[in-house]
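Q: Hi! Could you walk me through a few features of this protein model?

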Amino acid sequence: MSVSFFELFKIGIGPSSSHTVGPMWAARRYLDRLDDRGMKRAATRIVVKLYGSLALTGTGHGTDKAVMLGLAGLKPDTLDPDDAEDLYAFIRDKGELQLDRQQRIAFREGSELLLLKRERLPHHSNGMRFTAFDAAGAEIDTADYYSVGGGFVMSAKDAAGEAPVLTNARAPYEFGSADRLLELCEAQNLSVAALVLANEETWRSRSEVRDGILAIRDAMFDSIERGCRMEGILPGGLKVRRRARQLHGELLKRPERALRDPLTTLDWVNLYARAVNEENAAGGRVVTAPTNGAAGVIPAVLAYYERFVHGASDDGVVDFMATAAAIGALYKQNASISAAEMGCQGEVGVACSMAAAALCAVLGGTPRQVENAAEIAMEHNLGLTCDPIGGLVQIPCIERNTMGAVKAINAARLALKGDGTHFVSLDSVIETMRQTGVDMSEKYKETALGGLAVNVTLC
């Protein structure tokens, strides 16, 4: 079963794809369910229960806000972040919302929104239960949803962890492993990118695929540029100061520094990643790549390619992104891209692996070198925990994206120095990541119950 590029890379809002984007889509999906069953007009009260990781870190990750905005009819890929903030404040102040912008219902945390921190639904830590009641107080409908990472949402019926089916049409080059991907590339004499693009044309025209990929690139770079403009304190109470604007100014003020220090290029890469993730932490518009928590890695490495690599082009951008999607699909199918399941190895680690493969490809790497780059990047992210202080996607998340971007560049360069032959396969390292995630204690998987989250005193 294929995972499309446009499922992995989605425009949404921060700070979390699994805790913000996914729950907003789930709320919207529940509205559609009620509408399809002719129950929406009869619903005078909706109770939303959040379980597991969503309950433990949901407030810091904006899950409460996402659910309210979703029930109000907003969608993460089209809403204006500033307007959404005003609407959220109105709902909190009034204790009510307009269901799908049509009918008013009461909605208050503690009454209609419940955080069940010690309970979880059976299939995934990021579980939600929506229950609708009529005017007499009788339950008329209930449904469970799971936010499984990267903005993906599944119902209780399809919570096996598989990607949604796009159409009944089969892609010409189905692959479920890196070994199979390499076999197809060699048998068809195709690059990884060319193979992915051929698959995408199963569902969209060639021009739609290209235009869509470049639109995602533009959205990523918009996040960089906005992050470099904005200043102030990030929301949530940690009083983390946005630093990207200052760093950007310093780099522009002293351009001659690059003549003395060749590592100034890495300062720019760090800036790109930081700018995106500060924007994500502020609830701004970013692209899941493949998640919000790791949203800065791929844009930073892509910006490095466009701005520092001679001969960079839009064709190269398309190849970069298509290659990244191939690697992301392997992790999505064979492990997980959810920190609630895998820890941060499943987010920044996966993004690092995707970016390394993508950069290797556009620098002239063969499919086997591309696979090697992806493997190197993940091998040195294994065991990476998710322990955000205060449950906020700020510390260590913002700086962790800068480290992931730099590590991806180095992994690509290491792979290009070899011939693609290596000891540990990408399939092996993906399975190792999955096993590590399964064995990892829950307190290190986006619950704010361990690691930095409990060892750093909040002031």
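Predicted model: local features only at pLDDT ≥ 70, side-chain atom pairs only at ≥ 80, totals over all residues.

Q: Let's start with helix 12 and helix 17. At roughly what angle do their axes cross?
A: The crossing angle is roughly 50°, and the two axes come within 8 Å. Helix 12 covers residues 297-308, while helix 17 covers residues 397-416. That angle makes helix 12 oblique to helix 17.

Q: Is the crossing left-handed or right-handed?
A: Helix 12 passes helix 17 in a right-handed crossing.

Q: New topic: helix 4. How many of its residues are buried?
A: Nine of the nine residues in helix 4 (residues 63-71) are buried, so this helix is largely enclosed by the rest of the structure. Among them are D64 and K65, along with V67, M68 and L69.

Q: What follows helix 4?
A: Helix 4 is followed by G73, which has a positive phi near 100°.

Q: And which residues does the UniProt domain annotation cover?
A: An unreviewed UniProt entry annotates residues 4-156 as "domain: Serine dehydratase beta chain".

Q: How much helix and strand is in that span?
A: Residues 4-156 are 37% helix and 29% strand, and the end C-alpha atoms of the span lie 22 Å apart.

Note on methods: Residues numbered from 1 in each chain as written. Heavy atoms only, no water. Axes fitted to C-alpha atoms, helices over the stretch in contact; angles between N-to-C directions. Helix = DSSP H or I, 4+ residues; strand = E, 2+ residues; numbered from the N terminus. Parallel < 35°, antiparallel > 145°, perpendicular 65-115°, else oblique. Left-handed = near helix turned anticlockwise from the far one by under 90°. Buried < 20%, exposed > 50% of the residue type's maximum accessible area, 1.4 Å probe, protein only. UniProt positions renumbered as here; feature names shortened; annotations may be inferred.
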